[in-house]
Amino acid sequence: QVQLVESGGGLVQAGDSLRLSCAASGRTFSTYTMGWFRQAPGKEREFVAAIIRSTYYAASVKGRFTISRDNAKNTVFLQMNSLKPEDTAVYYCAAKGTRYDLSTPEYDYWGQGTQVTVSS
C-alpha cells in the first residue's frame with residue numbers, strides 16, 4: 001500500500017512558478033512509476049508528466065514543467081514555470097508498479113490533489 005500526499009499548490013499570476021511536492025509512504029518508492037495528472041472543472045483528468053528513470057511530458061507542458069524524484073526522501077516534484085491560466089486545475093500525484101501506459105489514468109495509487117490557480 002502506498003499513500004501519497006501532495007503539497008505546494010496555490011494562487012499565482014500568469015508567468016509565475018510553483019513547485020509541487022508529493023510525499024509517498026512505503027519502502028519500495030524507487031520501484032514505482034510516478035505521475036502527475038490534473039483536472040480542471042468540467043474536464044477529464046489529463047496526464048501532465050511521469051518519471052521512472054526517464055521523464056515523460058504532455059505536449060502542453062513540455063519545456064515549462066519538470067518532473068523529478070528524490071528516492072531517498074520518497075518524494076516526487078513538479079516544477080512548473082511560465083504558468084498560464086489554462087494550467088489552472090487540481091493536480092494529482094499518482095503511483096503505479098508498471099512501466100507502460102504512463103499517460104493513462106490507470107495508476108494504482110492517488111493523492112488527494114492540490115489546487116493550482118493561475119490568474120491572468
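Asp101 has a relative accessibility of 43% and therefore counts as partly exposed, and in this predicted model its place is in the loop between strand S9 and strand S10 (109–110). The protein chain around this residue has 11 strands and zero helices, and buried residues make up 43% of its 120 residues.

**Overall build**

- Read along the sequence, the pattern of the protein chain is β-β-β-β-β-β-β-β-β-β-β. With a radius of gyration of 13 Å, close to the 14 Å that the globule rule gives for 120 residues, the chain is as compact as a globular protein of that length.
- Taken along the principal axes, the box filled by the C-alpha atoms of the protein chain is roughly 40 × 25 × 25 Å.
- When contacts between residues at least 6 apart in sequence are considered, 59% of them join residues at least 24 apart.

**Surface and charge**

- The protein chain exposes about 6400 Å², of which carbon and sulfur atoms supply 46%.

**The nonpolar core**

- The largest nonpolar core holds 36 residues, and those that touch the most other members are Leu4, Met34, Trp36, Val76, Leu78, Met80 and Tyr91.
- At least two residues of this core come from each of several strands, including S3 (18–24), S4 (33–39), S8 (75–80) and S9 (89–96).
- Leaving aside residues up to four places away in sequence, Val76 touches a set of residues that includes Leu20, Cys22, Phe29, Met34, Trp36, Ile51, Ile67 and Cys93.
- In soluble globular proteins, nonpolar side chains tend to be buried together.

**Loop residues with positive phi**

- Most residues other than glycine have a negative phi.
- Asp101 has a phi near 55°, which is a positive value in a residue other than glycine.
- Asn74 likewise has a positive phi, near 50°, and the place of this residue is in the loop between S7 and S8.
- Because its relative accessibility is 16%, which lies under the 20% cut-off, Asn74 counts as buried.

**The surroundings of Ala14**

- Ala14 has its place in the loop between strand S2 (10–13) and S3, and with a relative accessibility of 41% this residue counts as partly exposed.
- Although Ala14 and Pro85 are 71 residues apart along the chain, their C-alpha atoms are separated by 6.3 Å.
- Not counting residues up to four places away in sequence, Ala14 touches Leu83, Pro85, Val118, Ser119 and Ser120.

Notes
Residues are numbered from 1 along each chain as its sequence is written. This is a predicted model: local features need pLDDT of at least 70, side-chain atom pairs count only at pLDDT 80 or more; totals for chains, interfaces and linings use all residues. Side-chain values use heavy atoms; hydrogens and water are left out. Helices (H or I, at least four residues) and strands (E, at least two) are DSSP runs, numbered from the N terminus. The radius of gyration is taken over C-alpha atoms; the globule rule is 2.2 Å times the number of residues to the power 0.38. Buried means under 20% relative accessible area, exposed over 50%, partly exposed in between (1.4 Å probe, protein chains only). Contact means heavy atoms within 4.5 Å. Accessible areas come from the Shrake-Rupley method with a 1.4 Å probe; for residues, only the protein chains shown count as cover. A nonpolar core is a set of buried Ala, Val, Leu, Ile, Met, Phe, Trp, Tyr and Cys residues joined through side-chain atoms within 4.5 Å.
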